[in-house]
Amino acid sequence: MGGKGKNAASAELEARLAKEEQRLSGLSVPLLAWYDRQVRNLPWRESPAAYRVWISEIMLQQTRIEAVLPYYDRFMRALPDAAALAAADEDTLMKLWEGLGYYSRARNLQKAARLIVEQYGGELPADYQELLTLPGVGEYTAGAIASIAFGIPVPAVDGNVLRVLARLTDSDEDVMKPAVRRAFSSLASALVPADRPGDYNQAVMELGETVCLPNTEPDCAACPLADRCAGRAAGRARDLPVRAAPKERRRETRTILVLIDRGENGSRTVARVLLHRRERKGLLSGMWELPGVEGELTAEQALALAGEYGLPAKRAVRLSDGKHVFSHVEWVLHGWYMEAAGTGPCPSGCVWADGESLRESYALPGAFRTYTGPLPGWLEGSGPAEDEQIPEQLTF
Ligand code: SF4
């Protein structure tokens, strides 16, 4: 901001973007023509009912389209409308979301579905401000639903849109600052055409995802807006938008116990793994997990911990280390595989899950993938050999 006050700088940016608004007016014409030529067929585009658009937009937050597609189909088959989502039991919902991450999205979807059933007769409201009152629905999602499903001319400003606008206007303002985002949202709002607002919003997003790519040289030769792009003309589109460096993540070391019980059921041996339900607050709230504690445990300490659970174990096999990165924290994981010496009562907050219920009923977050990947094989077979490490490709 140099020596300028905050307000003066914001006013200057708003004035500059107001001029850009005039220069960029009419950009929807070449953009929609481009979109019509190369629009991708996606299931929520074929039939853009508000419920379908809403679910797709929530799934697409932080997740690539290709990764979302199988989840979306499965979710729509199981919970085809707000009433079904409102009535779903928690484990069914989490199982449908298993592997998508950011599980609070699924919980908010259900809270919102219950409100939609109670207050709107099961249909999403066709009003931007009312959509904003639903849990988990922010300005971007409300804008996407309102414009795509209801044809309301409001913008849907996500990271793709901010990037395209910062480049079109050759702006080196930090788009993470609320005042800058507000100024760009107001420019985005002015540029939305009254005709086809939903297609227009999807076209800007699509341009950002396929042509005006982040952190690399954008494909300006393929861009329908190239002749009005100031960032391209200045030769610095690749370096825009400017963003303050994100805060460093906290690192947390955890030890995970893969505790197996092999019991007899008639003539069959049934192997089950101990799962624990996390507290209903904080990270992965209320999710099932492989039990674990903070810090790195030795084999003796891991065996002692299993004893504290009331499940003394026969042996402890060291597993490969894993890692999982959340938005604010990074887990460094150490794992021990153990077999219970005899089945005691299940510790509080825990269940024993066999291979089938693991597949069908219990959702385990991707954070445990290093251990849940080989787990079905351990349940069916005899577990890892002494000191056997999980093959390198199963760790990440
Ligand atoms: Fe992005 Fe290049 Fe198009 Fe400008 S011309 S909007 S930088 S792809």
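Is Val-180 buried or exposed? At 3% relative accessibility, Val-180 counts as buried, where buried means under 20% relative accessible area, exposed over 50% and partly exposed in between, with a 1.4 Å probe and protein chains only. The model is predicted, so local features need pLDDT of at least 70 and side-chain atom pairs count only at pLDDT 80 or more, while totals for chains, interfaces and linings use all residues. Residues are numbered from 1 along each chain as its sequence is written, and side-chain values use heavy atoms, with hydrogens and water left out.

**Val-180**
- Val-180 sits in helix 12, residues 178-191; helices are DSSP runs of H or I with at least four residues, numbered from the N terminus.
- Leaving aside residues up to four places away in sequence, Val-180 touches Leu-13, Glu-173, Asp-174 and Val-175, contact meaning heavy atoms within 4.5 Å.
- Met-338 is 158 residues from Val-180 along the chain, and their C-alpha atoms are separated by 53 Å.

**Helix 2**
- Ser-28, Leu-31, Leu-32, Trp-34 and Tyr-35 are buried in helix 2, residues 28-38.
- These residues lie on the same side of helix 2 because they cover an arc of only 160 degrees around the axis, taken from the directions from the helix axis to the C-beta atoms.
- Helix 3 (43-46) and helix 13 (197-210) are among what covers the buried residues of helix 2.
- The exposed residues Val-29 and Arg-37 are on the face turned away from the buried side of helix 2.

**Ligand**
- Residues around the ligand include Arg-167, Val-211, Cys-212, Pro-218 and Arg-232, each with a heavy atom within 4 Å of it.
- The shell around the ligand has eight nonpolar, no polar and two charged residues; Ala, Val, Leu, Ile, Met, Phe, Trp, Tyr, Cys and Pro count as nonpolar, Asp, Glu, Lys and Arg as charged, and the others, Gly among them, as polar.

Definitions and conventions. Helices (H or I, at least four residues) and strands (E, at least two) are DSSP runs, numbered from the N terminus.
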